[in-house]
Amino acid sequence: IIIILMNLSKISKFLLILAAVSLIFRKGLFLQTFIPKPFEFFLLLALISGFFYFFPKNLNKFKIIDKKIYLALFILLFSVGLATLISYLRYGVGFNTEGVLNAVRFLIMIITFILFYVFFKDDEVFYKRVWLTFLVSAIFIPFLIFPELAYKSSIAGVGGRFYGLLQSPADASLFFLIALSFFFVLFLENFYQKRRGFCLAYFLLTVAMASLTLWSQTRAAWLGMVGSLMIAGYLVIIAFRKNLLKNLLLNAVMIILILTLSFAILPSSAKIMLILRIFPQYNYYVREKFNNNIPQLSSQNLGDLTSKIKRENASPDLFYDQPRLAIWKDYLKLIPKNPLGLGLNYYRPELAVKLQGKPLGGYHNLLLEFWTYGGIAALGAFLYLLWRIILNVKNKIDDSKNLLTIYNIGIASALFGLIIHSLFGGLIFFYFFWILLAMALTRKIPT
């Protein structure tokens, strides 16, 4: 029986690793095809295998999760359910297909967190392997060398944004952001330990991930990338007990070099679209002059655009045709009237019209996202988890004898970058986010 249980444990972990790897493949909308994505398939198999592993012999393993974390998860789910019920009773908005799908997503989210958390506590090797799965984004590096192949295979869209194998470039940027953080801390570790070969390899991989993040043309990801690099550099200095001021300046120079090189290796079409994300007032000029043929834009076209911007002494306009500020104002007006949230069907047109007299746009903010689904209680539960993560990561990094320190710094910097990104977009239903939360909340593993 012991051998069987051990095998079931290994099978469950293997399936969870496959699930984590498969998160990079999420093309298509479920409501259009009703075909589950690979992650959900592998997670279901892991759940079945885990059921036979945990019941009835290993139920005690669930006790390793702090009761306060369980309480936070319960409050999150309960508040979402309560908000949904109140919206139905108050506004008469019942469930639709998307509401049911959101309910299932919440359950998958919690199951993902708990399963990974329990196995992280139990197995250091599993912890490291899952960490390494987030480096799978490196498979897209060849497209930086052969950008025309990216356009032909629809890895990059005709609008000049890099999608990878995901539904949107914004989604892809999140994976590149995580891989960037992990490669960067590995680079810094080898830099300070003077391992030149590994140092160079991880530096080039960091540059490549930064370049793919830029190619996604997601401005929130650019901010997250800078924040992630900065916090990673700071935490590595603290962990390795280096001179703070001297090495902060050194890290700043390296970050600037990484960002400069990452822009330099972009294909010309991506450089032009990146400039247009900063100077959107020139969108019409580029599309008219070059017949909207973005993939064929050349270095000469890039020179024409930059020359025009310099001649006209133009200033960046990051808020050009940007609806986020108006959307945030709409949601902030709703908070005093609906402190318990709007539940799973808040986006339905009839509810939006009843609330605002007009359709509601997407929240474009993680904090508003939590409040929208479950009100103040859901937001509070999430903020509590973040607070626990800050304390836990600090304790891990302060322990110089912990061989997982560099892994912990990678997770902390990745989460920091994702949180910055999420202030301009949603993150709650990205399952890899909950895997990272589980990793960050797992206490120090004896080594």
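Is Arg388 buried or exposed? Arg388 is buried, with a relative accessible area of 17%, where buried means under 20% relative accessible area, exposed over 50% and partly exposed in between (1.4 Å probe, protein chains only). The model is predicted: local features need pLDDT of at least 70, side-chain atom pairs count only at pLDDT 80 or more, and totals for chains, interfaces and linings use all residues. Residues are numbered from 1 along each chain as its sequence is written, and side-chain values use heavy atoms, with hydrogens and water left out.

**Overall architecture**

- The chain contains 20 helices and 0 strands; these are DSSP runs (helices H or I, at least four residues; strands E, at least two), numbered from the N terminus.
- Of the 447 residues in the chain, 51% are buried.
- Among contacts (heavy atoms within 4.5 Å) with a separation of 6 or more, 79% join residues 24 or more positions apart.
- The chain exposes about 20,800 Å², of which carbon and sulfur atoms supply 68%; accessible areas come from the Shrake-Rupley method with a 1.4 Å probe, and for residues only the protein chains shown count as cover.

**Helix α10**

- Helix α10 (residues 196–215) has 20 residues and reaches 29 Å from its first C-alpha to its last, close to the 28 Å expected at 1.5 Å a residue; the expected span is 1.5 Å times one less than the number of residues.

**Salt bridges**

- The whole structure holds 5 salt bridges, each defined as a side-chain nitrogen of Lys or Arg within 4 Å of a carboxyl oxygen of Asp or Glu.
- Asp66 forms one of them with Arg388, the closest N and O atoms being 3.2 Å apart.
- This pair links distant parts of the chain, with Asp66 in the loop between α3 and α4 and Arg388 in helix α18 (residues 366–398), 322 residues apart.
- Lys13 and Asp123 also meet through their side chains in a salt bridge (2.9 Å, N to O).
- Because Lys13 lies in helix α1 (residues 2–22) and Asp123 in the loop between α5 (97–122) and α6 (124–133), the pair ties together parts that are 110 residues apart in sequence.
- Lys13 counts as buried at 10% relative accessibility, whereas Asp123 counts as partly exposed at 21%.
- In the salt bridge between Lys308 and Glu312, the closest N and O atoms are 2.7 Å apart.
- Lys308 is buried, with a relative accessible area of 16%, while Glu312 is partly exposed, at 43%.

**Aromatic pairs**

- There are 41 aromatic pairs, counted when rings of Phe, Tyr and Trp (its six-membered ring) have centres within 6.5 Å; planes under 30 degrees apart count as stacked, over 60 as edge-to-face and the rest as tilted.
- Phe175 and Phe432 form a tilted pair, 4.6 Å centre to centre with 55 degrees between the planes.
- Phe175 lies in helix α9 (residues 169–192) and Phe432 in helix α20 (residues 431–441), so the pair ties together parts that are 257 residues apart in sequence.
- Both Phe175 and Phe432 are buried.
- Phe187 and Phe203 form another tilted pair, 5.3 Å centre to centre with 55 degrees between the planes.
- Phe187 is in helix α9 and Phe203 in helix α10, 16 residues apart.
- Phe187 is buried, with a relative accessible area of 3%, and Phe203 is buried at 11%.
- One aromatic cluster includes Tyr53, Phe54, Phe62 and Phe116.
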